[in-house]
Amino acid sequence: MDVKAFLNELAGKPWYRKQIALIKRIPARCARYSGEVDLPEALRKALRSIDIERLYTHQTESLRIVRSGANLVVVTGTASGKTLCYNLPILETLCADPSARALYLFPTKALTQDQTATLNRLLAPESPLAGTATAAIYDGDTPKHQRSRIRQNATILLSNPDMLHVGILPYHPKWAHFLRGLKYVVIDEIHTYRGIFGSHVANCLRRLKRVAAHYGAKPQFIASSATIANPKRLAEALADEPFDLVDEDASPQGEKFFVIWNPPVTDTRNFLRRSSNVEASQLLAELVKNSSSTILFARARIVTELVHRYTVERLKADKATSALAGKVSPYRGGYLPEDRRRIERELFSGRLLAVSSTNALELGIDVGSLDAAILVGYPGTRAAFWQQAGRAGRRGEESLAILVPYDEPIDQFIAHRGDFLFDKPVEEAIIDPENAHILQGHVLCAAAEKPLDESDASFLGDKMLPVADALEKVGKLKQLGGKYYLSSPDFPAAGLNLRLVSSDTYEIVDITDHKPTVIGNVDSISAPELVYPGAVYLHEGTSYLCERLDVENKVAAVRRGEVDYYTQPILASAVKVASTGESRRQKSYEAFLGDIDVTWATVGLKKIRFLTQEMIGQGELDLPEQTLVTRAVWIMPHQWVFDSIADLGCRPDDGMVGAKNLLLVSLAVLAMSDPRDIFGIVSARNTPRAAIYLYDHYPGGIGYAEKGYDGIEDLLARALDILKNCPCPAGCPSCVGLPNLRPPLHHNPELHGGPAIPDKLTTEILLETLLSGGSSQPGDQ
């Protein structure tokens, strides 16, 4: 791809409005190879059969570390040969010891399929390694009639943490032969194991070590990761073992161009920008017309569907390009496995030119050589940005990555301060395996696998015994002879979902035809915000209208229907402080850390017209309320702060809502969390004055609130920096954010005309006062 020529062509289009805010070029890099490496002859010949004649220096260093018996974590770029860093030493071991076994864990089924294909090329019947090992997938898609044979014959088992949790550990006696020989555990793409999911996975690995020890095995761990700030610490926290680190990437890299494409301002009065989804679809259509293979990443499932729909409509609008519409496809979670595999194959083969995807394709799945990547919205962390942008140019050729920022605070901050992406270090990944709400589920699972005693604290941590005692008090465990047993014949693993905020899921059922068909699923907390009555559910480019949400049976019934709009939920919230754990008093505010109860409901919906983003209707809904018990940090300004703002003729409420929006963005960046894992609300229900609450969207919390409390000054400074870097005069979605989208429960102004965007000046005065303590001393508190 000739990137410069393509960008020049875009700049000459009649619709170009100086959207290019930044172009950053990263020069090509040459490979660094090792000298001769001592390998078994069969392995050397097998590598040659797939055109590997020499090893990169990071691959030989990884081999040296694994040979020494140490645990390894390797951190190099996309398409740098990380897979060989674990395949090489494991295949070498299997050449000498056929009784050895290896377990490979991948975060997604797609990645499992991809890496199995890589292994099978090395182990094919015509390969010199034929008969050395048998690689097999064992996940939820594995046919039941094949599972017994896999348990007995597989030497390399490829799976995921979910299947380890629910399909292997609870049935470990059936896996005795495999577990006795377990020598290696590979944890691929560990940067994805952060937050709630990562904390669950860490406990699964502890349970695995415990069960393996029961069969006399102590496996060695090999981990791989994209670039994060703390790969060694993360690997050690996940496996509870020491690790050696390899992080010098010796692979070649083609010349890369990074572009920030900022949608133009279309409403100068309110400083509103054109839809980023619409801009991205225009770019995707131009790349397809240019025959450039492209992957587009979106932050939400609905965006993948919207961008796909808009792109197809653009291509079909011109007879000369209408045939190209069939070369574009969406890809996301919720599709049937066979549909996902088909899309992957078609992208790899070149039949598809472009895919709009969630982060399901962010990881190291080999989808062939891609020319370009489009990121619709900042993906939340610099680590995720580099991972997604790195999907283009995987074969070392010239490539292009385009970030299309949303009209949101952090996105517009990046649009005006591109150095944030290129000159700042990547973030840390945070997990909290000993979070009581997470740990208690795994203690129950461990007790079901094998009765617990105090020695198991060496596997499950120091909090295991207090948690086990608490579970005994509520009747879930019973203690006999110093051991804890499960007190019922329940299957606890089935009730503990590693990935979802809620373990309950709703099925999305298409009732258009005589035979209802399940087309997707969603967790029970998200269901009332996605498939409420009247909602438009988009699936593979097709619109479905939700007719009913059956709360009792956990089913959402949808029917195909062609409409010219999509829907957004209107949410309302209430918060109640359960307990305050820590607090501190500053000149201008008090900060608190504690437990809260959050109650919320979907109270209405908006209908938004495709492409134009015009709101064409709204309606009220009556759905059950949901409650979450979690951790929060909250900030309560002193009364004199509110009084001083009011004396200037400003409304303090405006500043509180604007500050809340900015602090939410800042905390997501600080904690390296998915923005959807942290919520916020302004409320005066529990305090003498209004306070800003930032809370973890997970039962019991996951550590984000603590991160915010510890770094409160940094949070306020980040929020003010984002605000001051926005060029708008009075406040816009790019700085102070949208209006309060979670007003008090049972009082929703969005259904009655809607609130205004928070005032920028008021928000700036509030944040500066909170940071500096103000020019005057606090008066009456």
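Colleague: Buried means under 20% relative accessible area, exposed over 50% and partly exposed in between, using a 1.4 Å probe and protein chains only. Which class does phenylalanine 491 get?

Modeller: Phenylalanine 491 is partly exposed, because its relative accessible area is 35%. Bear in mind this is a predicted model, where local features need pLDDT of at least 70 and side-chain atom pairs pLDDT 80 or more, while totals for chains, interfaces and linings use all residues. Residues are numbered from 1 along each chain as its sequence is written, and side-chain values use heavy atoms, leaving out hydrogens and water.

Colleague: OK, rings. What makes a pair?

Modeller: Phe, Tyr or Trp (six-membered ring) centres within 6.5 Å; planes under 30 degrees apart are stacked, over 60 edge-to-face, the rest tilted.

Colleague: How many aromatic pairs turn up?

Modeller: The whole structure has 21. In one of them, tyrosine 138 and tryptophan 175 are edge-to-face, because their planes sit at 90° with centres 4.8 Å apart.

Colleague: Are those two buried or exposed?

Modeller: Tyrosine 138 counts as buried at 3% relative accessibility, and tryptophan 175 is buried too, at 1%. Tyrosine 171 and phenylalanine 491 also pair up, tilted, at 5.8 Å centre to centre and 35° between planes.

Colleague: And how exposed is tyrosine 171?

Modeller: Partly, at 37% relative accessibility.

Colleague: New topic: which charge sits over tyrosine 138?

Modeller: The charged end of arginine 147, 5.5 Å from the ring centre. The rule is NZ of Lys or CZ of Arg within 6 Å of the centre and within 35 degrees of the ring normal. Arginine 584 lies over the face of tyrosine 709, at 4.3 Å.
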